[in-house]
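Here are my notes on this one, written as numbered points. Have the model open while you read them.

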Amino acid sequence: MSILHVDLNSFYAHCSILASNGKYSFDSPVIIGGDPRKRHGIVLAATYPVKKKGVHAAMTLREACELCPEAAVLPGDHKLYTEYSRRFMRIIKEYSPLVMRFGIDEAYIDYTGCEHIFGPPEEVAHIIRERVKREIGLTVSVGVGDNMLMAKMGSDYKKPDAVTVVTKEFWDEHIKPLAVDRLMYVGHASAKKLNELGIFTIGQLASLSPNVLKGLFGAVGQDMWLHANGVDERRITFEDEAQKSISSAVTLPGDIQSRDELTAALLTQVDKVAYRLRSMGMKACCVGVSVRYKDLTNRSRQTRLRTATDVTDELYAEAKQLILPLYAEKPIRQVGVKVAQLTDGAEQLSLFGEKEHERKRSMDLAVDELRKRFGTGIVLRGSTVKHGLRDDAEDDFSPFSR
């Protein structure tokens, strides 16, 4: 039981509540996102009293207010979230040299070998939970398990302010009866297909033959079966805080036939890179593109941004201008994106305008939350679906594939 997953509860909402100087509490109905005066836009986060009424991230603010009309609507404050995230990370890094941040509000800890210093994993989980509450004012849920999957399912099992130890016996008794869409990496589309086959629980999924699942879902089916049985062979890797760049590329099954297809392929890669940036709490000062032609020759271009950003649409707008001149030369088989000169510095005014920048970033964060909770296929961009660039292997869209 040497892996811990620490997850800050209702992070954005609770940070804003702490900044309200006592006007609101964690038990208050509060929604973060959109324009609090005009009540339009989307929900970035909400407190638990609001969530219980069916409000969730990426829902329109109008819908959310209809479900919970008594809720106070507060604007997002990304500088505030970044500062609280830094304080959170400083605490958990005291308990292991191997910590991997999975987003602004959660992290994995490999606690192997640290038992002799700080005590048993469950004990240190409670210490972390109490320190975060006392020193920062936020609450966390901590999962403890033999692998990353068990730890993550443990932190999700009981919220808020809880520690859950997931043993093999706990998995069989408490995790397997859960709905199949509660299993990490089972997205909405996969859950729907499983339900149509009469598979509604994680336990039912675990009892299927892995060959059957592989036949239905390909290589992802094998992973589904392993995960349903609590098996996860991933390892926490050291995340170099001085990482200088992030890149992603896709090789197309055939030649790109149009500029629209080229920009759709580009968008899938920008989407992944921007997600990884936000997961690391970083912004990019430079963006570059690369193409590989059918004859295996390559070309690349890059530009320095006037302001650092982690917003998908802003990175895409710059990358699109770089890649379009590369289209006409030869048939293109591979499209890549790279962001560099990464910084975790304070947010600057965007070249796209402050209000528009905040609106797009709030939308990105809400979509990140949906993908993190329900799988990467839960939200897709229209142009990528049109050109068949869905990325059905949902595990490809993961901050682990750095």
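1. Start with the pair H9 and H11, which cross in a right-handed way (left-handed if the near helix is turned anticlockwise from the far one by less than a right angle, right-handed if clockwise). Ser 190, Lys 193 and Leu 194 of H9 meet Leu 213, Leu 216 and Phe 217 of H11 in this contact, where contact means heavy atoms within 4.5 Å. Sorted by class, that gives four nonpolar residues, one polar and one charged; Ala, Val, Leu, Ile, Met, Phe, Trp, Tyr, Cys and Pro count as nonpolar, Asp, Glu, Lys and Arg as charged, and the others, Gly among them, as polar.

2. As for the geometry, the axes of H9 (residues 188–196) and H11 (residues 210–217) come within 12 Å and cross at roughly 120°. Axes here are lines fitted to C-alpha atoms, for helices over the stretch in contact, with angles from 0 to 180 degrees between N-to-C directions. H9 and H11 are therefore oblique to each other (under 35 degrees is roughly parallel, over 145 roughly antiparallel, 65 to 115 roughly perpendicular, and the rest oblique).

3. A word on the ground rules: this is a predicted model, with local features needing pLDDT of at least 70 and side-chain atom pairs counting only at pLDDT 80 or more, while totals for chains, interfaces and linings use all residues. Residues are numbered from 1 along each chain as its sequence is written, and side-chain values use heavy atoms, with hydrogens and water left out.

4. The other helix pair to look at is H13 (residues 259–280) with H14 (residues 312–323), whose axes come within 9 Å and cross at roughly 140°. That makes H13 oblique to H14. Here, too, the crossing is right-handed. On the H13 side the contact includes Leu 262, Leu 266, Val 270 and Leu 277, and on the H14 side it includes Leu 315, Tyr 316, Ala 319 and Ile 323. By class, the residues of this contact split into 10 nonpolar, two polar and three charged.

5. Now the sheet. Five strands form an open sheet with mixed pairing, in the order S5-S6-S1-S7-S8; two strands pair if DSSP finds at least two bridges between them. At the edges sit S5 (99–103) and S8 (162–166), each pairing on one side only. Neighbouring strands are turned by 15° against each other on average, direction ignored. S7 (residues 140–145) and S8 run parallel and are joined by five bridges, and Val 142 has Val 163 as its bridge partner in S8. Packed on the sheet is H7 (residues 148–157), which touches S1, S5, S6 (106–110), S7 and S8 and makes about 35° with the direction of S1.

6. Which peptide bond is cis? The one joining Lys 159 and Pro 160, with omega about -5°. Pro 160 lies in the loop between H7 and S8, and Asp 161 is in the loop between H7 and S8 as well. Asp 161 has a positive phi of about 55° without being a glycine. For context, most residues other than glycine have a negative phi, and most peptide bonds are trans. Asp 161 is partly exposed, at 25% relative accessible area (buried is under 20%, exposed over 50%, partly exposed in between, with a 1.4 Å probe and protein chains only).

7. Do check Asn 9, in the loop between S1 (3–8) and H1 (11–18). Is Asn 9 buried or exposed? Asn 9 is buried, with a relative accessible area of 1%. Beyond its neighbours within four places in sequence, its contacts include His 14, Tyr 48, Val 140, Lys 159, Pro 160 and Asp 161. As for H1, seven of its eight residues are buried, His 14 and Cys 15 among them.

8. There is a positive phi at Gln 341 too, about 50° and again not a glycine. Gln 341 is in S12 (residues 332–343) and counts as partly exposed at 40% relative accessibility.

9. Finally, the whole chain: 16 helices and 12 strands, taken as DSSP runs numbered from the N terminus (helices H or I, at least four residues; strands E, at least two). Buried residues make up 52% of the 402 residues. Among contacts between residues at least 6 apart in sequence, 67% join residues at least 24 apart.
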